[in-house]
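Subject: Handover of a structure for your review

Dear colleague,

Please find below the structure I am passing on to you, with its sequence. My findings follow directly after it.

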Amino acid sequence: MLRKIIALFLALAVLLCAFAGCASKPEAVSSGEASAMVEPAEEPADMLSGSWTPQGAVYRNTVIDLSDNESLSSMYGGTALTFSEGNTFSYYNMFIYTGTYELYSENIYHLQTKEVTWLSVDENGASEKPMTKADKPAYVVTVLDENTIRFDLSGASAIDDISLIFVRLDSESDYIQANKTPLTSSSESSESNAAPDTSAQKPAYVTTGEKNALKRAGEYLDYTPFSYTGLIEQLEYENYTHAEAVYAADNCGADWYEQAAKAAQKYLDYMAFSRSGLIEQLEYEGYTHDEAVYGVDKVY
């Protein structure tokens, strides 16, 4: 919407300048003088301005369309990226990163975080809390086409990170459609891997809802760590019943201690934490005290 307003303003300005030129009759000039009077071309308009939503990801050089998997699409449902006047940006993810950006080279922009806030959600609602001691990461944005950009964490810590592909709000990405790799379902993956039969440990009957919740839990855990209670809450958010969510968490085979270690590393990739502060953060995410201590001790 902002780009449309800017474009309309520029168009009106051009028309006004044209009318002003017609009203006055300039003296004839030679072709050489005319060439000398031509003004330098304006710099290209900012390609990033506006709002962007994640619709794809790059993992191990594979392009994934998030819309191909409902759980992945939901996982990044609260993520967004906006670019505003004054070359400022806001990145909404686990935290809210705001800062400035500049053109680094053709189709590549450098983003530098200036402030980090934490969005705390409880029974009283949501509120932003400043993270005064947080790291202020830098990012690299690469323009893939007019409606598609790739968003990477800058620096060595980004090597194993998943790169998000953002698409301009209310637009479609030709890049994702042309380069995406179809996802393999969890059931196909489990069959190909010849997973050991654990049916003896399961109840005599399993409902369709429990099967689907278990499949969804596996898809979530393939891409990001969860605590036991956090996974249950996420599944309930997906409208699975409490019983179905508990069944999935109980039977997904996750090692919650290792999940805590992965979560601790993910936090440290984005900002600095004291040991006790990181333990508290993991406990806030639903890990038990023992799990949180184990996770922090393994990566700190």
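A residue is called buried here when its relative accessible area is under 20%, exposed when it is over 50%, and partly exposed in between. By that rule D65, at 4% relative accessibility, is buried. Please note that this is a predicted model.

Overall features

The chain contains eleven helices and ten strands. Of its 300 residues, 35% count as buried. Among contacts with a separation of 6 or more, 56% are made by residues 24 or more positions apart. The accessible surface of the chain is about 18,400 Å², and carbon and sulfur atoms account for 53% of that area.

Salt bridges

Side chains of opposite charge can pair when their charged atoms come close. How many salt bridges does a search of the whole structure find? The search returns six.

One of them joins K180 to D65, with 3.3 Å between the closest N and O atoms. This pair connects distant parts of the chain, since K180 sits in the loop between α4 (174–179) and α5 (186–192) while D65 belongs to strand β2 (residues 62–65), 115 residues apart.

D68 is partly exposed, at 36% relative accessibility.

A further salt bridge is formed by the side chains of D152 and R150, at 2.9 Å from N to O. D152 has a relative accessibility of 18% and therefore counts as buried, while R150, at 29%, is partly exposed. Through shared partners, salt bridges join D65, D68 and K180 into one network.

Which residues of helix α7 (residues 228–237) are buried? They are G230, L231, I232, Q234 and L235. The elements that cover these buried residues include α3 (70–75), α6 (208–223), α8 (242–251) and α9 (256–270). Just after α7, N239 adopts a positive phi of about 80 degrees.

Cavity

The count gives one cavity of 30 Å³ or more. The volume of the largest cavity is about 40 Å³. Its lining is made up of A57, I64, L66, L72, Y76, I162 and Y223. By class, this lining has seven nonpolar residues, with no polar and no charged ones.

The loop at M131

M131 is located in the loop between β7 (125–130) and β8 (138–145). Leaving aside residues up to four places away in sequence, M131 touches F95, V116, T117, W118 and M271. For M131 and F95, which are 36 residues apart along the chain, the C-alpha atoms are separated by 9.2 Å.

With kind regards

Conventions. Residues are numbered from 1 along each chain as its sequence is written. This is a predicted model: local features need pLDDT of at least 70, side-chain atom pairs count only at pLDDT 80 or more; totals for chains, interfaces and linings use all residues. Side-chain values use heavy atoms; hydrogens and water are left out. Helices (H or I, at least four residues) and strands (E, at least two) are DSSP runs, numbered from the N terminus. Buried means under 20% relative accessible area, exposed over 50%, partly exposed in between (1.4 Å probe, protein chains only). Contact means heavy atoms within 4.5 Å. Accessible areas come from the Shrake-Rupley method with a 1.4 Å probe; for residues, only the protein chains shown count as cover. On a 1 Å grid over the protein atoms alone, a cavity is a set of points where a 1.4 Å probe fits but cannot get out, and a pocket is an open set with protein on both sides within 12 Å along at least five of seven lines; lining residues have an atom within 4 Å of a point. Grid points are joined across faces, edges and corners, and a volume is the space filled by probe spheres set on the points. Ala, Val, Leu, Ile, Met, Phe, Trp, Tyr, Cys and Pro count as nonpolar, Asp, Glu, Lys and Arg as charged, and the others, Gly among them, as polar. A salt bridge is a side-chain nitrogen of Lys or Arg within 4 Å of a carboxyl oxygen of Asp or Glu.
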